[in-house]
Amino acid sequence: MKLITFDEGRVGRLDGDDVIELDVPSTRAFFERGGTAAETGERLKLADVRLRAPIRPKKFFHTAGNFADHHEELQAVNWSHPVHKGIVFFQNVDAIIGPDDPVVYPEHLTKELDYELELAVVIGKPGKFFGPDEALEHIAGFTVFNDITARDIQRREMESGVFSFSKAIDTFCPIGPWIVTADEIGDMQNLAMELRVNGQTRQTGHTKQMRVSIPHLVAYHSPQTYSAGDILTTGTVSGVAAVQPDPFEFYLRPGDTVEAEIEGVGTLRNPVVSWEDAHGEPAPEKVDW
């Protein structure tokens, strides 16, 4: 099943080019009810609805440094602190946007806006303190995540060995275009991944390159307690702008369009727009401490 949120928060499932509306207030509620919901009887054309972020989780668990090639890239960047596998932090759920929503470039905060393609796991069953063998029963589905990052802010954060603010600014958390339920994914560790900017390939990778498998990641995070509908990301693949010989040739700019694609899951597309185009006024003065 491909589960969507559309228009002003309605929930549906895809049937080819049609949307079958479900009688449930949100996709999070859908999973809280055990992944079932009656149909309302309304059928719409997918082309006639506006897709939104497929879910608003209670918690958004973020994993870093999980792909071998990307880990090697990070070593070349010479961060002040190492990025070990299994690093976890919380993403700001209020920064979530959906397919075709604009990523707003906050030029008063950053000059180094980067992209990171990631597979996101949607938790369907609450739980805590379980092992990898039990993890599969907690996985409801998958969606695409583009971990937008302000590298200049991240570099300063890394002086303290942490990073959060650089990835949690408003609109920096695109997810979508829908949730593909786990039964539609034959092998979650066998999915090709690609990110394009203006049609040009920037990142390529594969879920088989993960240093920590998805069941082990899900189990690893479980002591923090899962609720139905929570999201867990799995790390990015190689090719981010920050590690290029001249990163400023690759950093995102207003006018760019980013397409993040994962085999079997979907393609998440987002334009990048200036602060003024988004808000109708120049960016505010930068606040320094």
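Domain bounds, as used here, come from an automatic or database domain assignment. For this chain the assignment gives domain 1 (1–52) and domain 2 (53–279). The model is predicted: local features need pLDDT of at least 70, side-chain atom pairs count only at pLDDT 80 or more, and totals for chains, interfaces and linings use all residues. Residues are numbered from 1 along each chain as its sequence is written, and side-chain values use heavy atoms, with hydrogens and water left out.

**Stop 1: the two domains.** Colour residues 1–52 and 53–279 separately. The centres of domain 1 and domain 2, taken over C-alpha atoms, are separated by 24 Å. Contact (heavy atoms within 4.5 Å) involves 13 residues of domain 1 and 23 residues of domain 2.

**Stop 2: the buried area.** Buried area is the accessible area (1.4 Å probe) that two parts lose on being put together, summed over both. Between domain 1 and domain 2 about 1,500 Å² is buried, with 55% given by carbon and sulfur atoms. Now select M1, R28 and F31: they supply 42% of the area that domain 1 buries against domain 2, more than any other three residues.

Stop 3: A salt bridge requires a side-chain nitrogen of Lys or Arg within 4 Å of a carboxyl oxygen of Asp or Glu. Two salt bridges are counted between domain 1 and domain 2. Display R50 and D101, which form a salt bridge with their closest N and O atoms 2.7 Å apart.

Next, display the side of domain 1 that touches domain 2. Which elements each supply at least two residues of this side? They are β1 (2–6) and α1 (27–32); helices (H or I, at least four residues) and strands (E, at least two) are DSSP runs, numbered from the N terminus.

Stop 4: The chain over residues 9–54 is 13% helix and 39% strand, and its end C-alpha atoms lie 9 Å apart.

**Stop 5: two backbone details.** Go to strand β13 (residues 173–181), where P177 is found. The peptide bond from G176 to P177 is cis, with omega near 0 degrees. Finally, select F129, in the loop between β10 (117–123) and α3 (132–135). Phi of F129 is near 50 degrees, a positive value in a residue other than glycine.
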